Amino acid sequence: MSEDKNRNSPPERRLTRRGFLKGVGTGLVGTATLQQGLLAAGPEAKVPPADVRGKDITRAVVSLKINGKPYSAEVEPRTMLLSLIRDKLGLTGTKSVCERGECGACTVIMNGKTVYSCMVPALEAHGAEITTVEGLSRGDRLHPVQEEFIKHDGYQCGFCTSGFELALKDLLDKNPNPDLDQIKQGLSGNICRCGAYPHIFEVALELAGKKGGR
Ligand code: FES
Ligand code: FES
C-alpha cells in the first residue's frame, strides 16, 4: 500500500480485467507488445493505466480513492475489490460473508452506485471513487444513518450492518423521502440473517420523515 501519486487524475480511464488479461496474453510475445496491449492509452485516456511491475505480467498496480483518500496497491487479475479493500488496505468495516453476490454484506458505493465489492474485479476499480462504511462518519460525528441504526437497534450480529448503511445512504441520496415499499425495494439487495428488518425499516422511515409507515 502506498499513497497515490496521481491523486488528481479523473476516473474516466478504467482498466478492466478483460483488458488486463488481454494485455497479459499479448504480452507473452514480448514486452513491447505488452506495452501496447495493456499500457497503451487511447487519446481519450485521462487516468494512467495500472502499472505493471517489471516483467511480472501477472500483477498490476491499481490506484483509486476510498473515502476521499488516494490509495495504490498491487493486485492480481483474480483479486476482487472486497479483498483489495479489506486485506490489502485494511479497511475491515466492509464485511466478507457469502463472497458470491448474494448477501450484500460487502456493499460499497463506487462512482455513485452501490456494488457488491466481492463481485467487482479490483482492476475495474482503477481510477474509481469509493465510499466504505469508514467514510460515513465525520470525525467523532456519526452519519445520521449510523445514529438511527443505533437508536432503533438496527442490527444484532452486525455483519450485514455496514452494507445496509451504505445501501440506505445511497437510497436516501437518490430519493430523500422513500415510502416503505421503496425502502424495501432499495434495500432488497441486502440480507440480514438475524431478521433485524423491522428495525432497519424503522431506521429508514425515520430518516425519510415517515416514521410509522405514513
Ligand atoms: S459478501 Fe458480497 S454479496 Fe455477500
Ligand atoms: S444483524 Fe446479523 S445479519 Fe443482520
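Is serine 162 buried or exposed, and what is its relative accessible area? I looked this residue up before the rest of the fold. Serine 162 is buried, with a relative accessible area of 6%, where buried means under 20%, exposed over 50% and partly exposed in between, with a 1.4 Å probe and protein chains only.

**Basis of the entries**

I note that this is a predicted model, in which local features need pLDDT of at least 70 and side-chain atom pairs count only at pLDDT 80 or more, while totals for chains, interfaces and linings use all residues. Residues are numbered from 1 along each chain as its sequence is written, chains are lettered from A and ligands numbered from 1 in the order in which they are written, and side-chain values use heavy atoms, with hydrogens and water left out.

**Overall composition**

I recorded seven helices and five strands for the protein; helices (H or I, at least four residues) and strands (E, at least two) are DSSP runs numbered from the N terminus. From the N terminus on, the order of elements is α-α-β-β-α-β-β-β-α-α-α-α. Of the 214 residues, 42% count as buried. I also looked at contacts between residues at least 6 apart in sequence, and 59% of them join residues at least 24 apart; contact means heavy atoms within 4.5 Å.

**Helix 3**

I found Leu81, Leu82, Leu84 and Ile85 buried in helix 3 (residues 81-88). The buried residues of this helix pack against strand 1 (60-66), strand 2 (69-75), strand 3 (107-110) and strand 5 (129-131).

**Helix 4 with helix 5**

I next examined helix 4 (residues 144-151) and helix 5 (residues 161-174), whose axes come within 10 Å and cross at roughly 125 degrees. Axes are lines fitted to C-alpha atoms, for helices over the stretch in contact, and angles run from 0 to 180 degrees between N-to-C directions. Helix 4 and helix 5 are therefore oblique to each other; angles under 35 degrees count as roughly parallel, over 145 as roughly antiparallel, 65 to 115 as roughly perpendicular and the rest as oblique.

Helix 4 passes helix 5 in a right-handed crossing, a term that applies if the near helix is turned clockwise from the far one by less than a right angle, anticlockwise being left-handed. On the helix 4 side I listed Val145, Gln146 and Phe149, which meet Thr161, Phe164, Glu165, Leu168, Lys169 and Leu172 in helix 5. By class, this contact of helix 4 with helix 5 has five nonpolar, two polar and two charged residues. Ala, Val, Leu, Ile, Met, Phe, Trp, Tyr, Cys and Pro count as nonpolar, Asp, Glu, Lys and Arg as charged, and the others, Gly among them, as polar.

**Helix 7 and its partners**

I found helix 4 and helix 7 (residues 197-207) packed at an angle of about 130 degrees, with their axes 9 Å apart. That makes helix 4 oblique to helix 7. Pro144, Val145, Glu148, Phe149 and Lys151 of helix 4 make the contact with Ile200, Val203, Glu206 and Leu207 of helix 7. The residues of this contact of helix 4 with helix 7 divide into six nonpolar, no polar and three charged.

For helix 5 and helix 7 I noted an angle of about 30 degrees and axes 11 Å apart. Helix 5 and helix 7 are therefore roughly parallel to each other. Their contact is made by Phe164, Leu168 and Leu172 of helix 5 and Tyr197, Ile200, Val203, Ala204 and Leu207 of helix 7. By class, the contact of helix 5 with helix 7 has eight nonpolar, no polar and no charged residues.

A polar atom of the serine 162 side chain lies 2.8 Å from the backbone oxygen of glycine 93. Not counting residues up to four places away in sequence, serine 162 touches Gly93, Thr94, Lys95, Ala105 and Val133.

Glutamate 165 is also placed in helix 5 and counts as buried at 7% relative accessibility. Leaving aside neighbours within four places in sequence, glutamate 165 is in contact with Val133, Leu136, Val145, Gln146 and Phe149.

Lysine 169 lies in helix 5. I found a polar contact (2.6 Å) between the side chains of lysine 169 and aspartate 173; a polar contact is a pair of N or O atoms within 3.5 Å, and within protein one must be able to donate a hydrogen and the other to accept it, while residues adjacent in sequence count only if both atoms are side-chain atoms.
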